[in-house]
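Here are my notes on the model, in numbered points. Have the structure open while you read.

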Amino acid sequence: MLGAATWAAAHDELVRLLRDLIRIRSVNPPDPPGAETEAAEYLARLLRAEGLEPELVESVPGRGSVHVRLRGDGTGGGPFLLLSHHDVVPVDPSGWTHPPFDAVVADGYVWGRGAVDMKFMVAMEAMVVVLLARRARAAGLDPSREPIPGLRRDVLFTCTPDEEAGGTDGVMWLVEHRPDWLRADAAVNEAGAVSVDLAGRRFYPIMTAEKGRETYRIRVHGAWGHGSMPRDDNAAVLAAEAVRRLAIPGEPRLTGPIRALLDAVEAALPPDAAALARAIAADDPRRADAALSRLCDDMYARALRALLRDTISPGVIHAGIKYNIIPGEAVIEIDCRTLPGTTEGDMREEVLARLGDLAPRCDVEHVIGAPPVQWPASGDLYELLCDTVRAHDPDGVPVPVMAPFATDGKWTQLLGTPTYGFSPLRNEPGERFLERFHGQDERVGLEALRWGLPVLYDVVCGFCG
Ligand SMILES: [Zn+2]
């Protein structure tokens, strides 16, 4: 048990660490090159200063991962992994309240690119490692070689580059070259246990599953011609119609992870709101959608709608070379996110069905994909995650959830490491946290961080102790 003064000091250190990380412009695609290794080196220095011996590897020059292993006495089972990525998405600074790489502290928040996705969690995981190393040193032990007092399993800290572009030069590279950095009995990673206020209750959705992703490039073939004489087979016109058809929301389908979420939410809500949760899970799609709009604000409704169906989001449309030339070819790229049970073949069939009579004019190429991920919303670790949240917020309701997006958990799955989204934050009601991911004015609350660090620390000590 750490005292109040230790936690107050740890919070200050956490905020300093987060601000330093935000100031390192580890943007992906790299701009400037090398900043991802700079972030890894910064973390390695921090860990070295605590008497640890972190390792740093580059998959390609400038793209560094950092790793350290804290030893347990080995009587408690396999390692526990604290996983994270230190890269961030690019940013257009116009419209930000504070410059995105200045890490300004104002109005109770740390502002900056990566504050949410996911440098706050990098900083929390690193601080947990630091606190454990200090525990060893306080007992006169060398934390780089000797077991940390109280730990019965090893704790791994692994922070990677390139998550924001799919992880090829990050976690995927590590799966192949350093699987020992990722192989564990269980892992925690980004995007879970961040409070959500709904109908007067505070929920903590713990990510136990994530949707799959399939990306397609569609070449639409038309005919070239002179812009003075319009034609129906103008590839831009055909592509516009194709995009319209692709973007229509598909039929809802309730899968195991979302049924579990709705059941848990329903059980915690007052009767009126519980009836809405029940309607969302019922068979009538029109009633379900109306209930969804009434129960949630637009941000959560959008997420839940995405979790109730396979989605298709057109992201790129290219056609044409000059205004007076009718384009003979157009290219569309679509981002499809699949529910458990939907295969790549199913998704492709759906895309062709949507294209309908345009399909003969289209070449549909599969670019990249990964299947959905599912881990049990039960068992020792899951129960511990829930109990720890409740211990720190007695009014909080932990619930299992599926992420509509993909994380590095896609790749740790290849090594059989159950990876839960658990980056605990207790936000103010009304904080539009989901919209800050890759968005403008990314920021994380100081009080949310103050709540989150001891939660994560207790989970590590609980699972490994
Ligand atoms: Zn992320």
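**Notes on the fold**

1. In the sheet, Arg219 sits across from Val331 of S14. Helices (H or I, at least four residues) and strands (E, at least two) are DSSP runs, numbered from the N terminus.

2. Before going on, the ground rules. This is a predicted model, where local features need pLDDT of at least 70, side-chain atom pairs count only at pLDDT 80 or more, and totals for chains, interfaces and linings use all residues. Residue numbers start from 1 along each chain as its sequence is written.

3. Which strands make up the sheet, and in what order? It's an open, antiparallel sheet of four, ordered S12-S14-S10-S15; two strands count as paired if DSSP finds at least two bridges between them. S12 (311–319) and S15 (362–370) are the edge strands with a single partner strand each, so one side of each has no neighbour in the sheet. From one strand to the next, the twist averages 20°.

4. On the S12 side, eight bridges pair S12 with S14, again antiparallel. Ser313 is found opposite Asp335 of S14.

5. Helix H5 (residues 235–246) lies across S10, S12, S14 and S15, at about 10° to S14. Axes here are lines fitted to C-alpha atoms, for helices over the stretch in contact, with angles from 0 to 180 degrees between N-to-C directions. Contact means C-beta atoms, placed from the backbone, within 7 Å.

6. Now H2 (residues 35–48). Its 14 residues should span 20 Å at 1.5 Å a residue, and the end C-alpha atoms are 20 Å apart, so the two agree; the expected span is 1.5 Å times one less than the number of residues. Buried residues in H2 include Ala39, Ala40, Leu43 and Leu47. A residue is buried if 20 or more other C-beta atoms (placed from the backbone) lie within 10 Å of its own, exposed if 12 or fewer, and partly exposed in between. H2's buried residues pack against H1 (4–23), S1 (55–58), S2 (64–70), H3 (115–138) and S6 (155–160).

7. As for the whole chain, there are 14 helices and 19 strands. The radius of gyration (over C-alpha atoms) is 24 Å, close to the 23 Å from the globule rule (2.2 Å times the number of residues to the power 0.38), so the chain is as compact as a globular protein of 465 residues. Of those 465 residues, 47% count as buried.

Note on methods
Contact = placed C-beta atoms within 7 Å.
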